[in-house]
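Please keep the sequence and the three-dimensional view at hand while reading.

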Amino acid sequence: MSVDHNILLESGTNELEVLELFISERLPDGSVAPCHFGVNVAKVMQVIEAPKFAAPESASNPCFMGMIDIRNMMVPVLDLSRWLKMDMVHADHDVIMVTEFSHSVTGFLVSGVTEIHRVGWQEVQPPSGYITKIGTNCIVGMVDLGDHFVQLVDLENVLADLDPQTFEKAEHKGALASRSYKALVADDSATIRLMLRKNLESANFELTMVNNGQDALNQLRAFRTQSQEEGRPLSDFVDIVISDIEMPLMDGFTLTKNVKEDAVLGSLPVILYSSLITNELRHKGDSVGADDQISKPDLDMMAQRALELLEKRP
């Protein structure tokens with residue numbers, strides 16, 4: 001199974017396509033049942049049959065199963081069940097989901113994949129409202145499919161566990177802003193919000209931080225109303241919008257589209273960042289009017305790129 005990214009959803013519809021996968025888990029009573037997970041289709045290159053693996057004894061992480069040759073690339077394979085701390089029952093028909101994001105191609109060993117679901121981000125519920133044995137640091141959202149839930153896996157967190165330094169770069173190394181700028185930052189990850197706070201505040205930004213695109217849009221509209229009622233410029237409240245793409249309730253593409261179509265808010269520069277931003281998918285941010293796009297994990301350049309946009313304004 002391969003994925004053609006040219007047929008994926010248009011940007012700004014507040015929808016995503018989720019590839020549902022499952023892990024056959026041995027339960028405490030000895031029975032085996034599938035546990036359902038999902039990932040954004042845009043991160044999936046292909047799904048292949050898993051070869052026989054013998055995890056190397058010298059592996060620095062117990063998730064690491066070995067390397068396979070994919071399209072003339074040596075790709076690491078990780079056992080997703082081990083990272084999720086599940087007792088997976090392996091079978092001859094296990095598969096490898098090959099993904100590409102955050103400048104990395106990685107294979108994830110799972111029991112199987114089922115189908116692709118098109119869902120609205122407003123249907124993706126934050127995991128904090130659910131009590132799961134897996135833990136909300138591993139899951140970015142929950143989708144109710146009627147007869148079962150699909151838990152959206154935070155694959156970036158897997159890579160961060162394997163290479164923590166990749167996602168810890170946050171110190172701003174560029175020039176300070178000539179004056180204090182105000183940025184609205186939207187991200188559902190507390191870890192990423194902390195990284196961006198460190199990077200932006202060190203460059204003389206004042207921050208308003210929210211957890212998702214819907215909260216960001218509500219806050220921007222409140223700033224607009226306040227500026228109009230008080231007869232003050234919008235820049236007294238916000239100068240720039242910085243947003244992740246994958247968020248519950250409203251994604252970054254839809255947030256950007258709403259901002260750019262607003263007669264007042266449309267003047268604000270918008271920076272999108274995500275592990276989804278690749279040469280193949282950059283056109284999605286362009287189509288909704290994003291002024292700049294940064295691929296995770298290169299967030300240490302955020303302040304510099306924001307300053308460049310702000311200082312180019314008339």
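The text below turns to a sheet, a residue within it, the nonpolar cores, a helix and the salt bridges. The model is a predicted one.

**The five-stranded sheet**

Five strands form an open sheet in the order β8-β1-β2-β10-β9, and their pairing is mixed. At the edges stand β8 (112-120) and β9 (139-144); each has a single partner strand, so one side of each is left without a neighbour in the sheet. On average, and with direction ignored, neighbouring strands of this sheet are turned by 35 degrees against each other. Strand β1 and strand β2 (residues 32-40) run antiparallel and are joined by nine bridges.

**Ser-24 within strand β1**

Ser-24 belongs to strand β1, which covers residues 15-26. Its bridge partner in β2 is Pro-34. Is Ser-24 buried or exposed? Ser-24 has a relative accessibility of 18%, and because buried means under 20%, Ser-24 counts as buried. Leaving aside neighbours within four places in sequence, Ser-24 is in contact with Val-32, Ala-33, Pro-34, Asp-87, Met-88, Val-89 and Ser-111.

**Nonpolar cores**

The largest nonpolar core holds 28 residues. Those that touch the most other members are Ile-23, Phe-37, Leu-80, Trp-83, Leu-84 and Phe-108. Two or more residues of this core come from each of β1, β2, β3, α1, β6, β7 (104-110), β9 and α2 (155-162). Another core, of 27 residues, lies apart from it; among its members are Ala-42, Ala-186, Val-241 and Val-270.

**Helix α7**

Helix α7 spans residues 302-312, and its buried residues are Met-302, Ala-303, Ala-306, Leu-307, Leu-309 and Leu-310. Where do these residues lie around the axis of α7? They cover an arc of only 165 degrees, which means that they are on the same side of α7. The buried residues of α7 pack against the strands β11 (181-186), β12 (205-210), β13 (240-244), β14 (270-274) and β15 (292-295), and also against the helix α3 (190-201).

**Salt bridges**

Side chains of opposite charge can pair when their charged atoms come close. In the whole structure, a search finds 13 salt bridges. The table sets out some of them.

| Side chains | N to O distance |
|---|---|
| Lys-52 and Asp-92 | 2.9 Å |
| Glu-230 and Arg-232 | 2.6 Å |
| Arg-232 and Asp-236 | 3.2 Å |

The salt bridge of Lys-52 and Asp-92 links distant parts of the chain, with the two residues 40 residues apart. Lys-52 is in the loop between β3 (44-49) and β4 (64-70), while Asp-92 is in the loop between α1 (80-83) and β6 (95-101). Lys-52 is exposed, with a relative accessible area of 70%, and Asp-92 is likewise exposed, at 60%.

Arg-232 counts as partly exposed at 33% relative accessibility. Glu-230 is partly exposed, with a relative accessible area of 41%, and Asp-236 is partly exposed at 32%.

Which residues are linked in a network of salt bridges? Such a network links Lys-43, Glu-156 and Glu-246.

Technical notes
Residues numbered from 1 in each chain as written. Predicted model: local features only at pLDDT ≥ 70, side-chain atom pairs only at ≥ 80, totals over all residues. Heavy atoms only, no water. Helix = DSSP H or I, 4+ residues; strand = E, 2+ residues; numbered from the N terminus. Buried < 20%, exposed > 50% of the residue type's maximum accessible area, 1.4 Å probe, protein only. Contact = heavy atoms within 4.5 Å. Pairing = 2+ DSSP bridges. Axes fitted to C-alpha atoms, helices over the stretch in contact; angles between N-to-C directions. Salt bridge = Lys/Arg side-chain N within 4 Å of Asp/Glu carboxyl O. Arc of directions from axis to C-beta. Core = buried A, V, L, I, M, F, W, Y, C linked by side-chain atoms within 4.5 Å.
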